[in-house]
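Dear colleague,

I am passing on the structure we spoke about, together with some notes on what turned up in it. Please keep it open beside you while you read.

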Amino acid sequence: MEDFGKVAAATAALRYVSNNMVIGLGSGSTANIFIEKLANRVKSEKMKIRCVATSISSKELGTKYGLNVVELDSVDTIDITIDGADEVDDDLNGIKGGGAALFYEKIVAKASDKNIWIVDSSKQSAKLGSFKLPIEVLPIGSAHVYRYLDTELGLHPTYRKNKDESLLTTDSNNFIIDVDISNVSDLYDLSNKLIKHVGIVEHGLFLDICDTLIVGDAPIQIKHRKN
Ligand SMILES: O=C[C@H](O)[C@H](O)[C@H](O)COP(=O)(O)O
């Protein structure tokens, strides 16, 4: 089956869920599989679970399946967030935002006691950078941010577009600029530079955020952050 790794990882993540938890619902195809499985378990075991979403689509999907999806600001803490990733290295650092959900995903991740990523083995990488890093930017002044990424940082930026060539907008009505970080050696330094630059709302480098990685392809692997 094509999605075997994603399905297996999503299934394995269910073991981290227990009654009365607040669960962060990730975004993307792997997180969507988890959302459906979580809803089935909540229904069959009559669990009391509240969920917060990381995108409009995960909110809609969770609600459609009957999960109790509440506003982020109505909860004090999130027990665990289960999310996918676009690329993840051996230190459990990763790139997210392939589906343009990185901003809400990072807000929810930072508010979570534990972050679990569910991936298939295609997402694993010795060095981050084979996936383009998504950067969410305010539309106003975005051409200046683009120039900064291009000429000062040399990251070969491209605006993310829809099929009709219009600029893609995120759930927060911002643009996404994807950049090439394959030649960047210090990702922490890059992360600091990006987040300090005016006009950049957030970026998809998730450093020191993932606590547990579940790689779904057989044999299933569960890795924990070392520090
Ligand atoms: O913006 C999207 C998210 O960061 C997703 O979690 C990420 O793109 C992985 O998605 P998928 O599970 O579809 O590969």
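Helix α3 (residues 56-64) lies across β1 and β2, and its direction makes an angle of about 150 degrees with that of β2. Helices (H or I, at least four residues) and strands (E, at least two) are DSSP runs numbered from the N terminus, while axes are lines fitted to C-alpha atoms, for helices over the stretch in contact, with angles from 0 to 180 degrees between N-to-C directions. Contact here requires that the C-beta atoms of two residues, placed from the backbone, lie within 7 Å.

Before going further, please note that this is a predicted model, in which local features need pLDDT of at least 70 and side-chain atom pairs count only at pLDDT 80 or more, whereas totals for chains, interfaces and linings use all residues. Residues are numbered from 1 along each chain as its sequence is written.

The chain as a whole

The chain contains six helices and 13 strands. Its C-alpha atoms fill a box of roughly 55 × 35 × 35 Å along the principal axes, and its radius of gyration is 17 Å, which agrees with the value near 17 Å that a compact globule of 227 residues would have. That radius is taken over C-alpha atoms, and the globule rule is 2.2 Å times the number of residues to the power 0.38. Buried residues account for 44% of the 227, where buried means that 20 or more other C-beta atoms lie within 10 Å of the residue's own, exposed means 12 or fewer, and partly exposed is in between, with C-beta atoms placed from the backbone. Of the contacts between residues at least 6 apart in sequence, 76% join residues at least 24 apart.

The six-stranded sheet

β1 and β2 belong to an open sheet of six strands, in the order β2-β1-β3-β6-β12-β13, whose pairing is mixed. The edges are β2 (50-53) and β13 (221-224), each of which has a single partner strand, so one side of each is left without a neighbour in the sheet. On average, neighbouring strands of this sheet are turned by 20 degrees against each other, direction ignored. Two strands count as paired if DSSP finds at least two bridges between them.

Strand β1 (residues 22-25) runs parallel to β3 and is joined to it by three bridges, with Ile-80 of β3 as the bridge partner of Ile-23. β1 also pairs with β2 in the parallel sense, over four bridges, and there Leu-25 has Ala-53 of β2 as its bridge partner.

In helix α1 (residues 4-13), the buried residues are Gly-5, Lys-6, Ala-8, Ala-9, Ala-10 and Ala-13, and their cover includes α2, β3 (78-83), β6 (112-119) and β12 (212-215).

The other strands

A second open sheet has three strands in the order β4-β5-β11, with antiparallel pairing, and its edge strands, β4 (87-88) and β11 (205-206), each pair on one side only. Two bridges hold β4 against β5 (residues 94-95) in the antiparallel sense, and Glu-87 stands opposite Ile-95.

What leaves strand β7 (residues 133-137) largely enclosed by the rest of the structure? Five of its five residues are buried, so the strand is largely enclosed; Leu-133, Ile-135 and Val-137 point one way, and Pro-134 and Glu-136 the other. Leu-133 has Val-179 of β9 as its bridge partner, whereas Glu-136 stands opposite Glu-202 in β10.

Thr-158, in strand β8 (residues 158-159), is partly exposed, with 15 other C-beta atoms within 10 Å. Leaving aside residues up to four places away in sequence, Thr-158 touches Ile-177 and Asp-178.

Around the ligand

Which residues come nearest to the ligand? They are Gly-28, Ser-29, Gly-84, Gly-98 and Gly-99, out of 18 around it, a residue being near if its C-beta atom, placed from the backbone, lies within 6 Å. α2 (29-44) and α4 (102-110) each supply at least two residues of this shell, and α2 gives the largest share, three residues. By class, the shell has five nonpolar, nine polar and four charged residues; Ala, Val, Leu, Ile, Met, Phe, Trp, Tyr, Cys and Pro count as nonpolar, Asp, Glu, Lys and Arg as charged, and the others, Gly among them, as polar.

With best wishes
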